[in-house]
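This report describes selected features of the structure shown below.

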Amino acid sequence: MSVVGGVPAGADLDAAADAGAVVPAGLSLIRARAIVIGPVEATFTIRPGDRPLVAHGEAVVRGAPLADRLRNARTEVVGGPLDADAGIPGTEWAAPPSRRHGEAVPERGELLFQSGGRWRIGTGDHHEPLEAPFAGIVREVRPGTAIGLRSPVRAVLGREVLAGPSAGRLEVIAPRDGEVRASEIDVSGTGAILVVGAHIDAEAITRARAVGVRGIVVASLGVKERRDVLASAKRGQAAVHGLPPFAILVLDGAVRRPIASPVMAVLEAVAGCPVAIVDDPPCLVIDDAEVELPVPEPDLVRVLAGPMAGVEGRWAGLAGPHRFPGGVVLEAGYVRFAGRAAVAVPLGDLERFT
Amino acid sequence: MTRAPSALVAVDAGAATTAVALLGRPAERWRLAGSMAAPAGVDPVDILEVLAARVRAADPALADAIGLQPGEIEALPRLVSRSAAPRTLVAIGASRRSVAILESIAARTAWRVVGASTETHDPREMTELALRADVSAVLLTAGDPPGPDERASLDDLAGLVGAAARRRPELQVIVGGAIRRRRAWVEGLGEDPPGDPDRIVEAPAIGQRRHADEGLRAVLEGLLADPGDGRQALRATAASLADLLDRRVEIVEVGHNGGARAVAAPGAPGDEPTSSAVTTARGALVPPDPDDALVDQVLAWTTGSLDRHRMGDRLRDLRATPWSDGAGEGARLRLAAARAALARIAALTPELSALPAPDLTILSGGCFAAAPAAAVVLAAADAMRRTGATQLAADLARLLGPIGTIEDPVERRTLLADVAGDLLVPLGSVVLAAGLGARHDDGSVGRLVLEQDGATTRRELAAGDLAFLDLAPGATATATLELREAARIGRRTRHVSVAVSGGIAGLLVDLRDIPLRLPDRRDRRRSVLTAWSALAWPVDDR
């Protein structure tokens with residue numbers, strides 16, 4: 001067991017301080033990154049024309065339909081409800097049964113607004129279900145805006161999510177500093193959410209979608225890959241049959257770096273469990289309340305940026321203002337990397353984990 | 001009897017970093033005892049405790065004099081400013097032309113603006129925008145009378161925005177151009193609209209004449225008014241400083257979610273100082289979701305070998321963790337982004353750029369806090385090009401925002417009078433002349449004579465020259481330009497003398513073009529930028 005400043009690794013700093021243990025000074029000046037949050041309150045965006053299928057307070061199971069989404073939403077002009085009082089923006093409109101045969105009028109839609117005695121509705125021909133990626137209670141339904149779902153389970157926070165939501169079992173296929181190439185993704189990943197390490201290229205993402213992978217968890221995703229993913233999602237939206245749900249959870253940012261070891265420890269603990277990726281908040285929902293998650297060590301710090309991005313070490317105290325390359329003077333802290341002598345690192349370049 | 005406090009804590013809770021300054025009054029006047037910044041999210045009390053411990057260690061007598069006792073730190077009175085969370089405005093118009101006008105007006109406010117017209121969005125897409133959870137307000141206005149390109153769609157838009165307001169009781173709606181008199185608006189909003197009636201604000205119609213749109217800008221600014229916002233407070237601080245120092249003062253701030261430019265001049269005896277300010281979300285160091293245009297803007301100021309994708313990656317990370325990567329290449333990238341932000345602010349404030357060069361220009365914002373002074377001076381000279389002489393200073397302790405939140409101008413001025421010398425770190429002075437020809441014109445165009453304490457320094461000047469001259473902080477001198485041909489230095493002249501003040505970077509003499517013209521070819525541009533930055537950055541440790 002590693003002991004720093006009298007505090008056992010893994011111990012809670014505040015509790016240690018209350019107990020009189022020596023806490024390394026200055027650690028509180030490093031921004032803390034919460035790895036796991038809970039309970040989860042996820043919000044799913046819906047657009048005008050999408051039809052919510054749940055009500056506030058309703059309990060839903062994983063895979064239950066939350067809404068009927070339009071893939072090719074458009075505006076149509078219709079006469080509106082026969083009962084003028086029923087014409088409320090945001091409510092559903094259905095074509096009257098008395099319409100003439102062959103009339104090119106949509107079957108249903110969402111009332112948007114009235115102008116010149118006619119209503120504009122949001123409608124479309126191709127639908128796809130928005131399924132609950134995890135079980136929970138519906139806490140909010142706002143037609144045209146969002147559906148909110150609350151669950152007592154926990155989630156691993158990330159930086160952003162592209163596409164989604166999606167759900168599947170979690171599989172770790174690369175070490176935290178690894179990179180996955182297209183040839184390493186095969187049908188064994190069908191239906192799974194894959195942890196792919198530090199980086200993944202656009203070709204591998206395309207292949208993952210093609211073989212039915214439901215999601216990717218990666219430390220960093222560059223601008224180029226990001227554009228490819230978004231363009232692919234747009235194409236899938238426009239296609240007649242659509243594509244199965246797929247999401248990418250980016251844990252850190254755009255510049256390549258390994259997954260933080262405390263985050264990787266949680267992902268490894270969850271491997272094989274059902275998980276979901278949602279984009280608000282951007283996180284990986286662990287749909288298994290029983291799984292035991294490792295707690296990060298309080299003195300573990302990680303370099304966020306610069307040439308040492310992703311390197312982890314042990315906090316060794318404040319260094320004060322320090323001159324760094326470029327003639328820049330920054331507040332710094334001492335960090336021991338791999339047991340070597342402590343070196344000064346800008347406080348802003350460090351993160352700790354809670 | 002209540003004892004007057006002898007210590008005061010100023011907290012500037014920015015979106016990227018939190019700065020804490022400790023002010024003490026050991027005798028009759030306030031002094032800056034120390035300051036420190038940490039990433040946003042760190043508790044200011046934790047910063048304050050480290051700061052107080054340093055003051056106690058460095059000067060126990062001062063710490064005793066201002067009552068800096070352990071355990072009593074949290075009870076110290078505080079002056080707090082914060083960066084208000086950015087809000088998004090959807091500007092809806094009946095034509096591309098009218099939306100462009102609305103966007104140009106709203107761009108000179110702290111709103112993040114998304115435009116939508118009937119020519120670019122269908123009604124469902126516009127409704128989607130108005131219903132988006134991150135959208136705080138919708139602006140719909142037109143000319144009065146409406147233009148020929150607006151008339152056909154105004155009823156539809158009135159109904160659309162009215163319906164969105166009915167569906168979202170928290171949505172602020174700014175309507176003008178007689179929209180509220182339209183039947184579709186009433187039908188959309190309903191007879192008994194939900195929410196606070198005051199959320200629906202009347203706005204002036206789009207004006208045809210110059211300055212007519214200031215009314216709309218004032219309405220938009222009014223919706224964001226927040227006495228605790230540090231960026232908005234800069235105008236008050238600039239006015240107090242101008243009054244106090246009897247000098248024309250300009251404050252330029254580049255922050256995480258926006259930027260600001262405030263100009264103030266002392267009033268005539270007995271009169272209040274005059275001031276003017278523009279805050280803009282487009283002045284952010286790296287705006288959200290950096291696009292290709294932003295990448296190109298920043299690449300134009302870099303000397304490294306990053307391609308567009310990698311620059312995009314770096315900017316996305318800088319946006320996500322703005323407190324990090326402040327050293328080495330990260331510092332250069334940050335100042336390149338700052339130059340691009342300064343240029344955007346300057347482009348949005350032509351009326352302030354047209355004013356004579358201020359006597360004192362203060363740079364504020366975390367992006368200027370750690371870089372070498374000469375690099376900061378050069379960045380300012382690169383982006384804010386205006387002939388004349390100005391002294392440059394930096395607000396490294398980030399006190400301008402908190403002090404600006406003091407409502408009473410007399411109280412604000414009194415505190416500033418005590419700490420002005422401490423809070424403004426002199427970076428140097430800039431003398432900028434234009435109209436002297438391009439660099440390829442060989443030969444001398446004149447000379448600069450710097451007179452300081454009876455000593456005289458002469459320097460021959462070439463076209464396009466850029467040079468730093470030593471002038472220590474606190475020193476004052478007279479710089480005389482003796483030119484062979486007339487040039488613009490505030491006015492057109494061949495001979496001019498200006499008073500200059502020293503700073504960490506000294507005196508920058510800048511004879512480059514206005515506007516600054518850089519070669520189109522990337523390798524040549526890099527070569528020029530490398531030569532300039534070699535003057536400002538240490539060469540031994542990139």
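## Sheet, helices and contacts

Chain B holds an open sheet of four strands in the order β3-β2-β1-β4, with mixed pairing. Because β3 (31-39) and β4 (78-82) of chain B stand at the edges with a single partner strand each, one side of each has no neighbour in the sheet. On average, neighbouring strands of this sheet are turned by 15° against each other, direction ignored. Strands count as paired if DSSP finds at least two bridges between them; helices (H or I, at least four residues) and strands (E, at least two) are DSSP runs numbered from the N terminus.

The model is predicted: local features need pLDDT of at least 70 and side-chain atom pairs count only at pLDDT 80 or more, whereas totals for chains, interfaces and linings use all residues. Residues are numbered from 1 along each chain as its sequence is written, and chains are lettered from A and ligands numbered from 1 in the order in which they are written.

Within the sheet, β1 (residues 7-13) and β2 (residues 17-24) of chain B pair in the antiparallel sense over seven bridges. B:Ala7 stands opposite B:Gly24 in β2(B).

| Helix | Strands crossed | Angle |

Axes are lines fitted to C-alpha atoms, for helices over the stretch in contact, and angles run from 0 to 180 degrees between N-to-C directions. Residues are in contact if their C-beta atoms, placed from the backbone, lie within 7 Å.

The axes of α11 (residues 329-348) and α13 (residues 373-383) of chain B come within 9 Å and cross at roughly 35°. Their contact has nine nonpolar, no polar and two charged residues. Ala, Val, Leu, Ile, Met, Phe, Trp, Tyr, Cys and Pro count as nonpolar, Asp, Glu, Lys and Arg as charged, and the others, Gly among them, as polar.

An automatic or database assignment supplies the domain bounds: in chain B, domain 1 (7-82), domain 2 (88-223) and domain 3 (230-443 + 512-536). In chain B, 22 residues of domain 1 are in contact with 22 residues of domain 3. The largest share of the domain 1 side, five residues, comes from β3(B).

Between the chains, 45 residues of chain A are in contact with 51 residues of chain B. The chain A side divides into 20 nonpolar, 17 polar and eight charged residues.

Key: Two residues are in contact if their C-beta atoms, placed from the backbone, lie within 7 Å.
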